[in-house]
Each structure stands twice: as structure tokens, then as C-alpha cells.
Amino acid sequence: MPVLLVIPARYASSRFPGKALAELRGATGEARSLIMRTWEAAQQVKSADRIVVATDDIRIKDAAEGFGAEVIMTSPNCRNGTERCAEALDHFEGFDVVVNLQGDAPLTPPWFIDDVVAAMQNPDIAMATPVLRCDATALNGFQEDRENGRVGGTTAVFDASGKALYFSKEVLPYTGRRFEPHEDVPVFHHVGVYAYRASALRRYPDWSEGKLEHWEGLEQLRFMENNVPVQCVEVDAKGRAFWELNNPVDIARIEKILRDQGMP
């Protein structure tokens with residue numbers, strides 16, 4: 001089951017223009033761009049047979065090629081990362097599964113991706129994505145973002161078999177309170193990784209943007225709105241902190257995690 005890992009990256013982020021080239025400093029104090037750190041995370045994924053950066057911006061292309069990445073230039077008309085992955089797939093043959101590692105997720109542990117790829121061994125699954133049970137600290141961070149009018153991480157709600165029921169940038173399910181460190185939290189953080197069956201990915205750009213996708217700004221909802229189930233795969237952080245870079249304030253959060261984990 002050959003696997004193509006694509007890192008879609010664009011410069012014109014609505015919430016954080018130029019985000020892909022934002023610099024992050026880890027334990028050594030060395031500044032590395034967000035796209036470089038995401039590329040380095042991708043290199044640790046055992047199940048990936050080929051890794052490419054897909055972008056429509058020459059600045060990102062030049063930066064990525066500067067640290068040795070393979071880059072595919074894609075159309076500026078791609079409406080989201082999934083469409084960019086679909087266009088990137090047109091440049092390759094022989095891949096059964098495409099992984100979308102979004103360019104703002106440098107803290108993604110490699111086993112998150114390997115676990116999702118393993119789920120794709122089931123031929124009935126057209127798309128899979130990892131979910132991580134929040135601890136009290138992570139949930140409080142989500143709630144703090146919303147209370148301050150920031151769009152932070154995404155939460156996932158799914159049935160007993162792992163089939164997604166909904167994804168939202170609101171904190172779902174609603175709990176109405178804060179949790180203590182010793183408590184089990186009923187909220188799952190959706191990790192910004194997708195594994196698609198190549199046949200399902202090729203269909204995606206032909207669908208119109210769905211209403212839920214439009215209002216939430218979440219590309220995976222287009223699959224659900226077109227009756228393609230999304231399989232949620234619960235992953236174990238194994239003590240590693242996970243956060244995505246959604247807003248400028250997240251730089252400090254991620255840099256602290258890099259330092260705490262001894263990452264350069």
C-alpha cells in the first residue's frame with residue numbers, strides 16, 4: 001500500500017499571513033521555519049514512501065527547497081489543503097493512500113500518522129484522521145481561546161465504532177465547566193492529519209463547498225456532507241504535548257513545548 005505524504009502550505013493564511021515561514025525556536029535557540037519543522041516531523045513517519053511540500057507560493061517553494069524538500073507547485077485556486085493534496089496527486093502514479101500533514105502541525109508525533117495509515121489497511125475506509133483525548137490543560141487552552149475570541153484547535157465527536165459524527169472549532173461536547181488534572185475529559189482534539197484513499201481524494205475537488213464546511217472552515221466536513229464516512233482513530237500522545245499553530249499567540253506555546261521536549 002504505497003503512501004504519499006503531502007504537506008500543503010500556503011502563504012495567504014487568513015488568520016496568520018505568512019504562517020508557513022514563521023520562525024520557531026526550540027531548545028537550542030535556533031530559528032527554524034514552521035514549514036521546515038513540519039518537514040522534519042514528516043521525515044520520522046515510517047509509513048510514508050514519499051514526502052512532498054505542495055504550495056502555490058514561490059517564497060515557500062524557495063524556503064522548502066533550501067532545506068532539501070521536494071516541492072510541487074499547485075494552483076492558487078485550491079480552496080483548502082485537501083484540494084491541494086488532490087492536485088499534488090496528479091503529479092504521481094502508483095500511490096494507494098495520500099496523507100495530508102498540514103503545514104502548521106510540527107509537533108505531530110510520527111506514530112499518529114502511522115496509526116492512521118494502519119487503519120487504511122481496511123479497504124472499506126475511504127478516509128481516516130487521528131483524534132487525541134484532551135487532558136485538563138489542553139481543554140482549558142481550548143476554552144481560553146474561545147473565551148478570548150480566538151479560533152483555536154478543532155474537536156471531534158464520533159460514534160462507538162469511531163465513525164465521525166461532527167467536527168467543530170467550538171469545544172464539543174459542551175461540558176459547561178473546567179476539569180481538574182486528575183479527571184477524564186470527554187473532549188477529543190482533532191489532529192490536523194488526514195489519510196485518504198486515492199480514489200476518494202480525486203473526487204473531492206469536484207464537489208461544491210458544503211454549508212457546514214463553509215461555516216466551520218473545516219475541509220473534512222465536505223466528505224461527510226457527500227456521504228463519505230470519516231474514520232476517527234484514537235491515538236496516544238505517550239506523554240508528548242501536541243498543539244497546532246493557528247494564531248500568532250501559538251508561537252510561544254509551541255516554542256515552550258519544543259524546549260520542554262528538548263527539541264532543537
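A nonpolar core is a set of buried Ala, Val, Leu, Ile, Met, Phe, Trp, Tyr and Cys residues joined through side-chain atoms within 4.5 Å. The exercises below apply this and related ideas to a predicted model.

**Exercise 1. Which residues of the largest nonpolar core touch the most other members?**

Solution. 
- Step 1. The largest nonpolar core has 57 residues.
- Step 2. Leu 5, Ile 7, Val 53, Val 99, Leu 101, Phe 112 and Ile 113 touch the most other members.
- Step 3. Helix H4 (residues 110-119) gives this core its largest share, six residues.
- Step 4. Take Val 99. Leaving aside residues up to four places away in sequence, its contacts include Val 3, Leu 5, Ile 113 and Tyr 194.
- Step 5. There is also a second, separate core of 32 residues, with Phe 188, Tyr 194, Leu 201 and Cys 232 among them.

**Exercise 2. Classify two aromatic pairs: Tyr 194 with Tyr 196, and Trp 207 with Phe 223.**

Solution. 
- Step 1. Two values describe a pair of aromatic rings: the distance of the centres and the angle of the planes.
- Step 2. The structure holds ten aromatic pairs. In one of them, the ring centres of Tyr 194 and Tyr 196 lie 6.0 Å apart, with planes at 25°. Planes under 30 degrees apart count as stacked, so this pair is stacked.
- Step 3. For Trp 207 and Phe 223, the centres are 5.8 Å apart and the planes stand at 85°. The cut-off for edge-to-face is over 60 degrees, so this pair is edge-to-face.
- Step 4. Locate the second pair. Trp 207 is in the loop between helix H6 (198-203) and helix H7 (211-216), and Phe 223 is in helix H8 (residues 221-225). The two are 16 residues apart, and the pair links distant parts of the chain.
- Step 5. Tyr 194, Tyr 196, Tyr 204, Trp 207 and Phe 223 form one aromatic cluster.

**Exercise 3. Are Tyr 194 and Trp 207 buried or exposed?**

Solution. 
- Step 1. Buried means under 20% relative accessible area.
- Step 2. Tyr 194 has 3%, so it is buried.
- Step 3. Trp 207 has 14%, so it is buried too.

**Exercise 4. Why is helix H3 (residues 81-89) described as largely enclosed?**

Solution. 
- Step 1. Eight of its nine residues are buried, so the rest of the structure largely encloses H3.
- Step 2. Among the buried residues are Glu 83, Arg 84 and Leu 89.
- Step 3. Look at the N-terminal end. Asn 80 caps H3 there, with a side-chain oxygen 3.0 Å from the backbone nitrogen of Thr 82.

Key. Residues are numbered from 1 along each chain as its sequence is written. This is a predicted model: local features need pLDDT of at least 70, side-chain atom pairs count only at pLDDT 80 or more; totals for chains, interfaces and linings use all residues. Side-chain values use heavy atoms; hydrogens and water are left out. Rings of Phe, Tyr and Trp (its six-membered ring) pair if their centres lie within 6.5 Å; planes under 30 degrees apart count as stacked, over 60 as edge-to-face and the rest as tilted. Buried means under 20% relative accessible area, exposed over 50%, partly exposed in between (1.4 Å probe, protein chains only). Helices (H or I, at least four residues) and strands (E, at least two) are DSSP runs, numbered from the N terminus. Contact means heavy atoms within 4.5 Å. A polar contact is a pair of N or O atoms within 3.5 Å; within protein, one must be able to donate a hydrogen and the other to accept it, and residues adjacent in sequence count only if both atoms are side-chain atoms.
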